[in-house]
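Please keep the sequence and the structure in view while reading.

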Amino acid sequence: LDTANVAPATFGLLQTLNVDGNVLAQPLYLAQYPMPGGTRDVLVVVTEHDSVYEFDADTGSLINHRRLGQSQASGDVGCFDIRPEYGITSTPVIDRAKGRIYVVAGTEPTPFAFHTKLHALDIGTLHDDVTPVEVTASTTLSNGNKITLDPQNQMNRASMVFANHSIYLGIGSHCDNNAGN
């Protein structure tokens with residue numbers, strides 16, 4: 001960006017896109033991607049309603065939409081920093097060579113049954129390229145106590161990274177301010 005392409009006549013709001021929930025993740029831009037129906041500039045947007053959208057970045061028209069599950073209700077999680085629900089919070093990652101969008105979705109298919117799943121979605125259709133994987137983790141502390149990922153109180157909020165043919169994601173504590181409990 002410089003003064004030649006950032007000026008009042010050429011810089012500003014281009015369009016408003018309608019989605020079904022809050023957007024906390026950074027939207028991603030995919031230039032000149034071969035999609036069904038032709039090559040397009042694609043804008044990928046994810047929401048806390050566990051939705052993935054693909055828009056034509058030039059026209060704003062909807063290309064694809066997919067909901068990955070029932071999002072987690074803020075009241076069930078017991079934390080209200082993100083309202084009314086938790087779903088896809090972290091910025092996904094794109095592997096252009098494989099034609100995939102990787103996204104982590106927090107779901108609650110039934111009340112108080114929390115899950116965190118990694119999805120590998122086909123860019124052209126948003127169908128699962130492989131079966132979604134439940135994110136699990138545990139470690140044993142030096143005192144012998146074992147701690148295990150709890151998808152109600154820990155979430156993937158940091159952006160994902162694709163490097164060395166691997167997907168990296170960060171899971172951290174969330175709303176664990178149990179002072180006095």
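L126 is found in the loop between β9 (113–122) and β10. The model is a predicted one, and in it the phi angle of L126 is near 65°, a positive value in a residue other than glycine. Most residues other than glycine have a negative phi, and most peptide bonds are trans. At 0% relative accessibility, L126 counts as buried, because buried means under 20%.

Strand β7 is joined to strand β8 (residues 100–110) by three bridges, and the two run antiparallel. Within this pair, I94 stands opposite I101 in β8, and D95 has R100 of β8 as its bridge partner. The hairpin of β7 and β8 has four residues between the strands, and G99 takes a positive phi there.

How many bridges pair β8 with β9? There are nine, and the two strands pair in the antiparallel sense. One of the positions concerned is Y102, whose bridge partner in β9 is A120. The hairpin of β8 and β9 has two residues between its strands, and F112 lies in the turn. Strand β8 is mostly covered, since nine of its eleven residues are buried.

**The sheet from β1 to β4**

Another open sheet is formed by four strands in the order β1-β2-β3-β4, again with antiparallel pairing. Its edge strands are β1 and β4 (62–67), each of which pairs on one side only. On average, neighbouring strands of this sheet are turned by 25° against each other, direction ignored.

Strand β1 (residues 28–35) pairs with strand β2 (residues 38–46) in the antiparallel sense over six bridges. In this pair, Y33 has R40 of β2 as its bridge partner. The hairpin of β1 and β2 has two residues between the strands, with G37 in the turn.

On its other pairing, β2 is joined to strand β3 (residues 51–56) by five bridges, and these strands run antiparallel. The hairpin of β2 and β3 has four residues between the strands, and D50 lies in the turn. D50 is buried, with a relative accessible area of 0%. Its phi is positive, although D50 is a residue other than glycine.

| Hairpin | Residues between the strands | Turn residue | Phi of the turn residue |
|---|---|---|---|
| β1 and β2 | two residues | G37 | about 95° |
| β2 and β3 | four residues | D50 | about 65° |
| β7 and β8 | four residues | G99 | near 70° |
| β8 and β9 | two residues | F112 | about 65° |

**A buried charged residue**

D41 lies in strand β2. What is the nearest side chain of opposite charge to D41, and how far away is it? It is R96, at 7.5 Å; D41 is buried yet has no salt bridge, because a salt bridge requires a side-chain nitrogen of Lys or Arg within 4 Å of a carboxyl oxygen of Asp or Glu. A polar atom of the D41 side chain does, however, lie 2.8 Å from the backbone nitrogen of Q32. Residues up to four places away in sequence not being counted, D41 touches several others, including Y29, L30, F55 and D58.

**Two further loop residues**

M160 is found in the loop between β13 (154–155) and β14 (161–163). At 6% relative accessibility, M160 counts as buried. Not counting residues up to four places away in sequence, M160 touches a set of residues that includes V93, Y102, L118 and Y168. M160 and Q32 are 128 residues apart in sequence, and their C-alpha atoms are 23 Å apart in space.

P84 is found in the loop between α1 (74–77) and β6 (85–86). Is the peptide bond from R83 to P84 cis or trans? This bond is cis, with omega near 0°.

Methods: Residues numbered from 1 in each chain as written. Predicted model: local features only at pLDDT ≥ 70, side-chain atom pairs only at ≥ 80, totals over all residues. Heavy atoms only, no water. Pairing = 2+ DSSP bridges. Axes fitted to C-alpha atoms, helices over the stretch in contact; angles between N-to-C directions. Buried < 20%, exposed > 50% of the residue type's maximum accessible area, 1.4 Å probe, protein only. Lys, Arg positive; Asp, Glu negative; His and termini not counted. Polar contact = N/O pair within 3.5 Å; in protein donor to acceptor, adjacent residues only side chain to side chain. Contact = heavy atoms within 4.5 Å.
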